[in-house]
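Please examine the model shown below.

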Amino acid sequence: MNLFTSTIGQPNAVSIAFFFVFVAATLVITWFAAKKSKTASDFYAAGRSVTGFQNGLALAGDYMSAASFLGIAGLVALKGYDGLIYSIGFLVGWPLIMFLIAEPLRNLGKYTFADVVAYRLRQKPIRIAAASGSLMTICFYLIAQMVGSGSLVNLMFGLPYELAVAIVGVVMILYVLFGGMLATTWVQIIKAVLLLGGASVMVGMVLAKFGFDPSALFSAAAEKYGQKMLEPGGLVSNPWDALSLGIALMFGTAGLPHILMRFYTVPDAEQARKSVFYATGFISYFYILTFIIGFGAMVLVGQDVITKFDKGGNMSALLLAEVTGGTMFLGFIAAVAFATILAVVAGLTLAGAASFSHDLYVNVFKNGRATEEEEVKMAKRSTLVLGLVAMGLGIAFKGQNVAFMVGLAFAIAASGNFPALLLSILWRGMSTFGATAAIVTGSVLAVGLIIISPTVWVSVLGFKQAIFPWSNPALISMPAAFFAGWLGSVLVPEPEAKARYEEQKIRNYLGVGVE
Amino acid sequence: MQPHSIDQNEFKDLVRKKWSVSLSMTALMLVIYFGFILLLAFNKHVLAQKIGEHMTLGIPIGLAVILSACVMTGLYVRWANTSYDRSVKSILDHMKG
């Protein structure tokens with residue numbers, strides 16, 4: 001199959017049209033949402049009016065980034081079975097969110113997960129620590145998305161990198177600034193439906209070529225590239241590294257601020273649970289599709305063609321779209337991928353703005369005594385600043401390998417955010433000092449170890465030998481954060497916090513006093 | 001509503017039941033996932049075994065891990081939205097007296 005005449009890299013009329021339709025439609029929604037978005041609860045939490053099903057789609061939308069769509073499809077197309085390992089890792093955090101934190105989060109918090117950690121502790125130290133953890137996670141995730149979007153759009157449409165970053169930044173700022181969480185939620189829902197629909201159609205067309213028998217597709221892959229494509233290969237060579245990555249992916253999901261923030265958009269714990277169930281279902285389905293898309297690209301496009309366009313295989317899904325559905329379908333999938341970046345970046349920015357305004361401005365600088373108008377105003381200003389910062393970072397990091405930033409975001413989320421959150425829900429003895437120690441230890445250790453690990457020390461800084469041998473630090477930094485939380489609470493106990501645990505429990509389990 | 005108006009035994013039961021369900025499901029998920037990762041890390045050839053002409057055991061096992069995550073979240077929602085919420089309602093009714 002000769003595909004060197006692919007139109008990827010040239011401005012594609014169909015995809016530009018689709019993209020404009022998407023942006024126009026979502027901006028109309030933003031305009032409607034803007035009229036409804038007045039209070040802080042509207043801005044951060046869509047007025048708690050989102051249903052479980054809608055929020056499930058929105059959660060899936062927040063989670064299914066272009067990186068996981070294009071990146072995992074590419075990984076499967078080039079490495080076969082190993083791509084599935086990543087999909088599984090990205091998925092299995094969801095049940096934990098459900099079993100451990102969905103209800104307490106909805107019942108105890110208002111806008112950010114720091115609400116839960118700070119519930120019975122002294123506000124200032126917790127808010128500062130938790131906001132730093134959130135903002136660090138968001139920043140690294142944001143850089144990865146922005147750099148990814150620039151190079152992706154550059155590859156797909158032939159638009160200049162900087163222009164692509166600017167378009168993403170400006171449209172995202174418009175969504176968040178004017179429409180707040182309501183608009184962001186609907187952008188996520190539309191994007192999730194388009195992504196799931198587009199991927200389903202693509203899988204249908206691939207399977208049609210193999211008589212709707214997936215094993216025929218796998219056999220074709222094995223015959224073309226060898227049986228090793230269907231076996232686990234070299235991606236996880238060091239067992240401890242594999243375990244550490246597994247921990248980061250699993251617990252990191254349960255500590256991502258933009259994901260946790262979505263639990264405040266639903267009215268109660270029941271809807272919060274339902275939304276996790278729907279999200280888990282959509283994401284599972286999506287990763288299974290991605291697996292088939294990857295194998296489809298391997299067989300129908302061919303690995304040599306894929307690597308010609310991009311060494312990392314990121315163009316596999318798009319090339320497959322062109323092979324199965326022609327330029328029209330390529331245009332559609334390319335536009336969906338672009339929309340995906342836009343939506344994820346909007347979700348991240350909103351979470352960052354909430355953390356900045358609600359945690360730092362209101363609860364630290366204003367001692368909790370800001371009016372709602374002041375808070376929303378500050379949230380909007382932070383949105384603007386964060387959007388500009390995101391564009392700046394996206395341009396500054398041009399051409400960098402950003403894979404480690406996603407790893408870093410997950411490692412900080414798993415080590416800096418998740419232990420403090422879980423301990424404050426489950427453990428009566430948690431003190432302000434302990435919680436702060438957990439957050440600081442987890443995030444500092446995660447960042448520090450990543451810097452001296454092969455991902456930064458060797459790949460970015462160019463040293464020969466890494467000081468820390470694993471590519472992910474979670475196996476050390478997450479237990480260390482739990483230990484620091486325990487030790488800090490034992491060394492500096494807080495009787496008032498203990499006394500308030502009963503009250504927290506009643507609200508946590510019975511939902512009494514929830515907004 | 002004051003905390004002391006709660007039937008403490010009923011409440012303690014609720015909390016105990018909630019965590020026995022939550023923690024055992026968490027443990028099961030950890031066993032499934034890390035079982036898979038450890039198999040991958042230490043005993044790769046099990047997953048590489050052929051179960052058809054080309055098909056390997058790893059593919060259905062991988063898909064089963066994904067499905068298990070879905071099924072378990074589904075079971076938890078069903079339990080929580082019926083049994084758990086019913087107990088919560090009963091406690092709240094008693095509190096109102």
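**Where chain A meets chain B**

Across the interface of chain A and chain B, 13 residue pairs are found in polar contact, both residues being at pLDDT 80 or more; a polar contact is a pair of N or O atoms within 3.5 Å, where within protein one must be able to donate a hydrogen and the other to accept it, and residues adjacent in sequence count only if both atoms are side-chain atoms. On the side of chain A that touches chain B, helix α13(A) gives the most, with nine residues. By class, this side has 32 nonpolar, eight polar and seven charged residues.

This is a predicted model, in which local features need pLDDT of at least 70, side-chain atom pairs count only at pLDDT 80 or more, and totals for chains, interfaces and linings use all residues. Residues are numbered from 1 along each chain as its sequence is written, and side-chain values use heavy atoms, with hydrogens and water left out.

The contact (heavy atoms within 4.5 Å) takes 47 residues from chain A and 51 residues from chain B. The buried area, meaning the accessible area (1.4 Å probe) that two parts lose on being put together, summed over both, is about 4,600 Å² between the two chains, and carbon and sulfur atoms give 78% of it. In chain A, F99(A), Y509(A) and L510(A) lose the most area to chain B, together 17% of what that side buries.

The interface also holds two salt bridges, each a side-chain nitrogen of Lys or Arg within 4 Å of a carboxyl oxygen of Asp or Glu. E103(A) forms a salt bridge with K18(B), with the closest N and O atoms 3.1 Å apart.

Notes. Chains lettered and ligands numbered in written order. Helix = DSSP H or I, 4+ residues; strand = E, 2+ residues; numbered from the N terminus. Nonpolar A, V, L, I, M, F, W, Y, C, P; charged D, E, K, R; others polar.
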